[in-house]
Amino acid sequence: MWDYTDKVKEHFLNPRNGGELEGANAVGETGSLNCGDALKLYLKINENERIIDATFITFGCASAVASSSALTEIIKGMTLDEASKVTNDDISDYLGGLPKAKMHCSVMGQGALKKAIADYRGIQILEKPGELICECFEVTDLEIIEAVKANGLETTDDVTNYLKAGGGCGQCLDRIEAVIESVKAKG
Amino acid sequence: MKTVYTDNNATTKVADEVIEEMLPYFGELYGNPSSMHTFGGQVDAKIVEARQRVADLINADPEEIIFTSCGTESDNSAIYAAIKAYPEKKHIITSNVEHPAINNLYKQLQGQQGYEVTFVPVDEKGRLDLDLLYKSMSGNTAIISLMWANNETGVVFPIEEIARKANEKGILFHTDAVQAAGKVDIDVKKINVGMLSMSGHKIHAPKGIGVLYVKKGFKFSPFLVGGHQEKGRRGGTENTVSIIGLGKACQLAKETLPVMNTIVRELRDYLQNELLEKIPGSSVNGDLEQRLPNTVSIGFDAVEGESILLLLDKEDICASSGSACTSGSLEPSHVLMAMKVPFKSAHGSIRFSLSHYNTKQEMDHIIATLVPAIEKLRAMSPFWKDGKMI
């Protein structure tokens, strides 16, 4: 059974800002069909670097759709500097929380936003920098380190909930554990 | 509209007749069937009747029926009994689309007890690679365990032929018939299986009761060691109420088997064909012919299963999905992956499993709900545009 808040359900059933955005001047994409969820975020940004409109198209479960919907609601009206500070926790909080195993849906929203802002500013984000740890979901050590630090993750389960890493064949769980340990060791 | 229940491969409604049969034994008739007094003895008499009814469903003899607590216990009991009977044989065979009750047990035996395991693969329609199966049978094989029918796709394995081959080679053959019982005709006198598992709650009996059929002559060792119950083959005081209920359910299942293969099959086909026709980018998972009459698994391109289920749930429709988000893991079900169902439809696979309680009106309600639900999800999917996959 779904352990979703009423707000998640409501945003899934009546998503805000769904669809492509005509005249968008920034786009950010994360996820893939194979991984089971994907989000394409469209932004319209004015000359003062303010987000005047935001829409999305999303493939995924109810919490992926709700996270996308929440993200667009949160960032509309923000300047890019403000928007760049939006985290996955903000998305989750907006929805009254997400089930632990679905935190990766909010992480996906944050990732798409980061990419859209970089797209607008003409910054090239290096695709998947670092060493590949999880082959099933294509997650690198640098992404794991970032998520562990930002969210205070402690176990491999936490990492799987946030990044999906380790949630496929499970062969990389030892390596994920080693990455977590290395972050802890560095304090 | 009341709940439309099309998740009968997960569990079934306990039949009214079954509840009626059980009720006195919840209350005043609480005696222990092992007792010497008449009060307990009348419960024992009812269990004798139930055992006969269960045996009749599969044309077994009553003494070949052992009551267990569930399908999983039946499966575990069968495999452990086999490896105990043939301690020198260190090879076991199964398929790669089995229920976890077999799959995980086999993996454990492989890892912890050094068994060599052959997981026979299936093709894209879920059909077993029979050549590989027959080639892997050897004098070192302790047991072959294969499901009669698959829970997710309903694909039926050629159990009669496999049983014949296993017998020719003198190898013990167990089949998990949890999904097949009550849906296909099972005759253990015709089909020569050594052991066969069934579960009560898949055939309108309550949860917590299972059956293991053990062919006469096999030296069976109990899984649960205890008292003399079940002739020493399964210790523990009998779950009298559920056994009595299961007996009734088996009697009813025998009567409704023809309905399953006519009315229920027609309803399933109607639902399937309407959905395929009205929803582009949809396809059936599994073989269309060798399939249970009540089951259809359909993959919808470019949408995700959990989202579909939630939209169905909103209209009080119960179904299930093989998608990652509903399987408890992050990957689609091992059955769909074993069939190499492409990701584009595996993530959006929905299983409808019917019973004789379903109606055409309910099928129409599902169709009327699902067609716009898929449209809605595709309208916001990045992989669907202008009526097709991108």
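Modeller: The radius of gyration is taken over C-alpha atoms, and the globule rule is 2.2 Å times the number of residues to the power 0.38. Keep in mind that this is a predicted model.

Biologist: Fine. What radius of gyration does chain A have, against what a compact globule would have?

Modeller: Chain A has 16 Å. For 187 residues a compact globule would have a radius of gyration near 16 Å, so the two agree. Along the principal axes, the C-alpha atoms of chain A fill a box of roughly 45 × 40 × 30 Å.

Biologist: What is chain A built from, in terms of helices and strands?

Modeller: Eight helices and five strands. Read from the N terminus, the order is α-β-β-β-α-α-α-α-β-β-α-α-α.

Biologist: How much of chain A is buried?

Modeller: Buried residues are 50% of the 187. The accessible surface of the chain is about 8,700 Å², and carbon and sulfur atoms account for 47% of that.

Biologist: And what share of the contacts in chain A join residues at least 24 apart?

Modeller: 57%, counting contacts between residues at least 6 apart in sequence.

Biologist: Charges. How far apart are the mean positions of the positive and negative ones in chain A?

Modeller: They are 2 Å apart, for 19 positive and 30 negative charges.

Biologist: Let me pick a residue. Where is A:Ser106, and is it buried or exposed?

Modeller: A:Ser106 is in helix H5 of chain A, residues 103–121. Its relative accessible area is 0%, so A:Ser106 is buried.

Biologist: What does A:Ser106 touch?

Modeller: Leaving out residues up to four places away in sequence, A:Ser106 touches A:Ser67, A:Asn88, A:Ile91, A:Ser92 and A:Leu98.

Biologist: Tell me about A:Ser67, then. Which helix is it in?

Modeller: A:Ser67 is in helix H2 of chain A, residues 62–75. It counts as buried because its relative accessibility is 1%, and the cut-off for buried is under 20%. Beyond its neighbours within four places in sequence, A:Ser67 is in contact with A:Ile91, A:Leu95, A:Leu98, A:Cys105 and A:Ser106. A:Ile91 and A:Leu98 are also among the residues that A:Ser106 touches.

Biologist: Backbone next. What is phi of A:Asn17?

Modeller: Near 65 degrees, which is a positive value in a residue other than glycine. A:Asn17 lies in the loop between helix H1 (6–13) and strand E1 (26–32) of chain A. At 18% relative accessibility, A:Asn17 counts as buried.

Biologist: And phi of B:Asp316?

Modeller: About 60 degrees, positive although B:Asp316 is not a glycine. B:Asp316 sits in the loop between helix H8 (305–314) and strand E11 (317–318) of chain B. B:Asp316 counts as partly exposed, at 38% relative accessibility.

Biologist: We're on chain B now, so how many helices and strands does chain B have?

Modeller: Twelve helices and 15 strands. Its radius of gyration is 22 Å, close to the 21 Å from the globule rule for 390 residues, so chain B is as compact as a globular protein of that length. The box filled by its C-alpha atoms is roughly 75 × 50 × 35 Å along the principal axes.

Biologist: What about burial and contacts in chain B?

Modeller: Buried residues make up 59% of the 390. Of the contacts between residues at least 6 apart in sequence, 73% join residues at least 24 apart. The accessible surface of chain B is about 15,400 Å², with 53% belonging to carbon and sulfur atoms.

Biologist: How far apart are the centres of the charged sets in chain B?

Modeller: They lie 3 Å apart, with 41 positive and 48 negative side chains in chain B.

Biologist: Where is B:Ile191, and which residues does it touch?

Modeller: B:Ile191 is in the loop between strand E6 (172–176) and strand E7 (195–199) of chain B. At 9% relative accessibility, B:Ile191 counts as buried. Not counting residues up to four places away in sequence, B:Ile191 touches B:Trp148, B:Ile159, B:Glu160 and B:Ala163.

Biologist: Last one. What should helix H12 of chain B span?

Modeller: At 1.5 Å a residue, the 20 residues of H12 (360–379) should span 28 Å; the end C-alpha atoms are 29 Å apart, which agrees. Among the buried residues of H12(B) are B:Ile366, B:Ile367, B:Leu370, B:Val371, B:Ile374 and B:Leu377. An α-helix has 3.6 residues a turn, so residues three or four places apart point the same way.

Key:
Residues are numbered from 1 along each chain as its sequence is written. Chains are lettered from A and ligands numbered from 1 in the order in which they are written. This is a predicted model: local features need pLDDT of at least 70, side-chain atom pairs count only at pLDDT 80 or more; totals for chains, interfaces and linings use all residues. Side-chain values use heavy atoms; hydrogens and water are left out. Helices (H or I, at least four residues) and strands (E, at least two) are DSSP runs, numbered from the N terminus. The expected span of a helix is 1.5 Å times one less than its number of residues. Buried means under 20% relative accessible area, exposed over 50%, partly exposed in between (1.4 Å probe, protein chains only). Contact means heavy atoms within 4.5 Å. Accessible areas come from the Shrake-Rupley method with a 1.4 Å probe; for residues, only the protein chains shown count as cover. Lys and Arg count as positive and Asp and Glu as negative; His and the chain ends are not counted. The place of a charge is taken as NZ of Lys, CZ of Arg, CG of Asp or CD of Glu.
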